[in-house]
Amino acid sequence: MIGIGTGKHGNGSAAPSSATTANAIHTAGSRLSGLATCATDRYHDVQSHAINPVTSVVIPAKMFDVEEVEVVVAHNERATLRVGDVFLKIDADQARTDVEVEAMAMAPIPTPEVLWRKPPVLALAALPGTALGRLGEPSTASPAAWAAAGAAVRMLHDAPLPPWPGRSLDELASRLDGECEWLVANGVLPTDLVTRNRRVAEAAFRPWTPVFTHGDLQVTHVFVDTDEITGVIDWSEASQGDALFDLATLTLGHEEHLGDVVAGYGTDVDLDVIRAWWSMRSLLVIRWLVEHGFDPSSPGCEVDVLRSRM
């Protein structure tokens, strides 16, 4: 089985509107009709704990010499399409694609093969296996597979740093304050829920030694076959950063597997900081999810993660 991670929710949340999807297909189809013949391998992009259900849209076979195009994710920032046996990522910000391509080249762990790139399109080969899990659903992966994921993350963190920095503590604190204010002012979450998790998140604001971080290591971005890691996808947010942020992102909504991940990682971690990153990540992404048509209040997703800290 193959897959690709795209979007923000891989948890069965509501998909973007049909109008948004249709516009993305029309635009991508126009740009890709002359490129699709270059793609020959397979790629499955299942980005983000917030992964969308895949929407299938039938397009005339003569356009791509395939029977249909699947819209894996589509919103006003990016779209990912499956064209036959190829996954095509279209990003409005090519700087993100630059980071993704360079990070995959630098990473010491398996990543998708870049088949070709013709801006704004990036074609990637499929990874074998299936995603380690999905936010809001129990993971069927074994403890050994989760431990293998921890070991792969440790290998990444021990690698030489990428040349570009990540967000500073001041930037994170400012963004967190702004998101918390928005959540309360717009009645998205109760004040006490935001206040409690804002307090929990404080533990993440401490000095750390920068490592090579994936930056968006959602459980749907890690692929396994049996108990082996076959690859990690969606590297556009890779940077220098806090090692515990990656570990927290990987285990968000899957707290029961944190011990397996830490065992594979091979060193003790500060569990209070992991919990802090769970709260912070959830607070930071809820507005984005809401504004892009996803539902962070789905069972087991971000709002439930925040409630678990009460």
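Trainee: How many bridges join strand S6 (residues 114-118) to S7, and in which sense do the two run?

Mentor: Four bridges join S6 to S7, and the two strands run antiparallel. Strands pair if DSSP finds at least two bridges between them; a strand is a DSSP run (E) of at least two residues, a helix a run (H or I) of at least four, both numbered from the N terminus. This is a predicted model, in which local features need pLDDT of at least 70, side-chain atom pairs count only at 80 or more, and totals for chains, interfaces and linings use all residues. Residues are numbered from 1 along each chain as its sequence is written, and side-chain values use heavy atoms, leaving out hydrogens and water.

Trainee: Which residue in S7 is the bridge partner of Ile90?

Mentor: The partner of Ile90 is Val121. S5 pairs with S7 in the antiparallel sense, over four bridges.

Trainee: Which residues cover the two faces of S7?

Mentor: In a regular strand, side chains alternate between the two faces of the sheet. In S7 (residues 121-124), Val121 and Ala123 lie on one side, Leu122 and Leu124 on the other. These four residues are all buried, meaning under 20% relative accessible area with a 1.4 Å probe, protein chains only.

Trainee: What is the order of the strands in the open sheet of three?

Mentor: The order is S9-S11-S12, with antiparallel pairing. S9 (130-131) and S12 (228-232) are the edge strands, each pairing on one side only. S11 (residues 222-225) and S12 are joined by four bridges. In that pair, Val224 stands opposite Ile229 of S12.

Trainee: Which residues lie nearest the centre of the largest cavity?

Mentor: Arg78, Lys89, Asp91, Thr97 and Glu100 do, out of 13 lining residues. Strand S4 (78-83), strand S5 (86-91) and helix H3 (94-106) each give two or more residues to this lining.

Conventions: 1 Å grid on protein atoms, 1.4 Å probe; cavity = no way out; pocket = protein on both sides within 12 Å on 5 of 7 lines; lining within 4 Å. Buried < 20%, exposed > 50% of the residue type's maximum accessible area, 1.4 Å probe, protein only.
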